[in-house]
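Here are my notes for you, written as numbered points. Keep the structure open while you read, and look up each part as it comes along.

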Amino acid sequence: MEGYKTVVDSNSLGAALRGAVPGKLRLRLSFEGMEIPAVVVAGARGGPLVWVQAGLHGDEYDGMAACLRLADDLSCLEMGTVALVPILNQAAFYAGRNSNPADFVNMNRVFKDEGDDHCGFSKRFAMWYADMVGSCADTFLDLHGGGKYLDVCRFAMVSDDRSQELAQSVRLDFIYRAPPDSGMLIGELARRGLRAILHESGGGVGMNESDVSAHVDFVRAVLERLLMLPELPGGVSEIGTAIRIRSAVDMRFADESGLLLWRLPCRSVVHRGDSIMRGVSAADFSRWEMRCPIQNGYVLSIHSASLVEPGTYAAMIGIES
Ligand SMILES: [Zn+2]
């Protein structure tokens, strides 16, 4: 990685950022053998530092493409600094998996007290990373998607009032206030005083232009709100009318397995008993169906891959506040 400045902790990150001149700076974040390239775009004037990342989960590709596009396209910030980490969990990415093959732990669930039993690589890495982001950033945007098996509609997750206020100022379909004990990175950084928003869009094994654009538009809209980019007339940042989600029901496949034959699209409105998806067992060709278990809700994410395995995630149904 020629031309990259190596960063190993919050001190070396601070030194690199202090030395940044207007324009682009390339960083290589380095932790226990995992090397993560990053691009920092510094504006002509001082201002907030917005940290944007994708690939905390290694198989969520739309956000990665969005982050790389922003690294190419963002050049003249009105003020402030944007740090972009397009593929955070490099080992998970190369393994084609959601989690790091060192321990297969979901790195976005480790920020809670679980005693001493959970000090594997993912937790050590996540704590190190949170220290770095928390040491320098004002605002944190975490781009996610459905991974290989799910499709996810465009929604934001927040864990505190200040972050929710910022999310409400941009265009989104849904805003979900996550439970305080979810163990997510946005919760940890919000506790450290940052505004932190997780943005979901897309999924599947290939990229979809509209899902990549949704991520790009979200980040640009936040930068406009923070006055770091000029606001485009009629652009992406009109005040949002997002539906607020107060809780969500996770549905998993139990006896259902085999081939998925039909499913609802994301964003669908569902009522108790409505069919959400149908499939067929590969063993005996018996048909199965999953139905909405709650009174009213919205399909926030849904299994989209053809292969259905017992115990895996089927759908997330959001309940309006
Ligand atoms: Zn994710």
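1. Before anything else, a word on terms: the bounds of a domain, as used here, come from an automatic or database domain assignment. Keep in mind too that this is a predicted model. On that basis the protein chain splits into domain 1 (5–241) and domain 2 (246–320). Taken over C-alpha atoms, the centres of domain 1 and domain 2 are 29 Å apart.

2. Now look at where the two domains meet. Domain 1 puts 14 residues into the contact, and domain 2 puts in 14 residues as well. On the domain 1 side, the elements giving two or more residues are β7 (150–158) and β8 (174–177). Of the elements on that side, β7 gives the most, with five residues.

3. Next, the overall build. The protein chain has seven helices and 17 strands. Its radius of gyration is 20 Å, close to the 20 Å that the globule rule gives for 321 residues, so the chain is as compact as a globular protein of that length. Along the principal axes, the C-alpha trace spans about 65 × 45 × 35 Å.

4. How much of the chain is buried? Buried residues make up 47% of the 321 residues. As for contacts with a separation of 6 or more, 65% of them are between residues 24 or more positions apart.

5. Leaving aside residues up to four places away in sequence, Leu-84 touches Ala-38, Val-39, Val-52, Cys-67, Leu-70 and Ala-71.

6. Which residues of α4 are buried? They are Ser-122, Phe-125, Ala-126, Tyr-129, Met-132 and Val-133. These residues cover an arc of only 130° around the axis, which puts them on the same side of α4. What they pack against is α1 (10–18), β2 (23–31), β3 (34–42), β4 (49–54), β6 (139–144) and α6 (185–191).

7. Most residues other than glycine have a negative phi. Phe-104, though not a glycine, has a positive phi of about 55°. You'll find Phe-104 in the loop between α3 (90–95) and α4. Phe-104 has 13 other C-beta atoms within 10 Å, so it is partly exposed.

8. The other case is Leu-227, where phi is near 65°, again a positive value in a residue other than glycine. Leu-227 sits in the loop between α7 and β10 (243–252). Is Leu-227 buried or partly exposed? With 14 C-beta neighbours inside 10 Å, Leu-227 counts as partly exposed, because a residue needs 20 or more to be buried.

Notes. Residues numbered from 1 in each chain as written. Predicted model: local features only at pLDDT ≥ 70, side-chain atom pairs only at ≥ 80, totals over all residues. Contact = placed C-beta atoms within 7 Å. Helix = DSSP H or I, 4+ residues; strand = E, 2+ residues; numbered from the N terminus. Rg over C-alpha atoms; globule rule 2.2 N^0.38 Å. Buried ≥ 20, exposed ≤ 12 C-beta atoms within 10 Å, placed from the backbone. Arc of directions from axis to C-beta.
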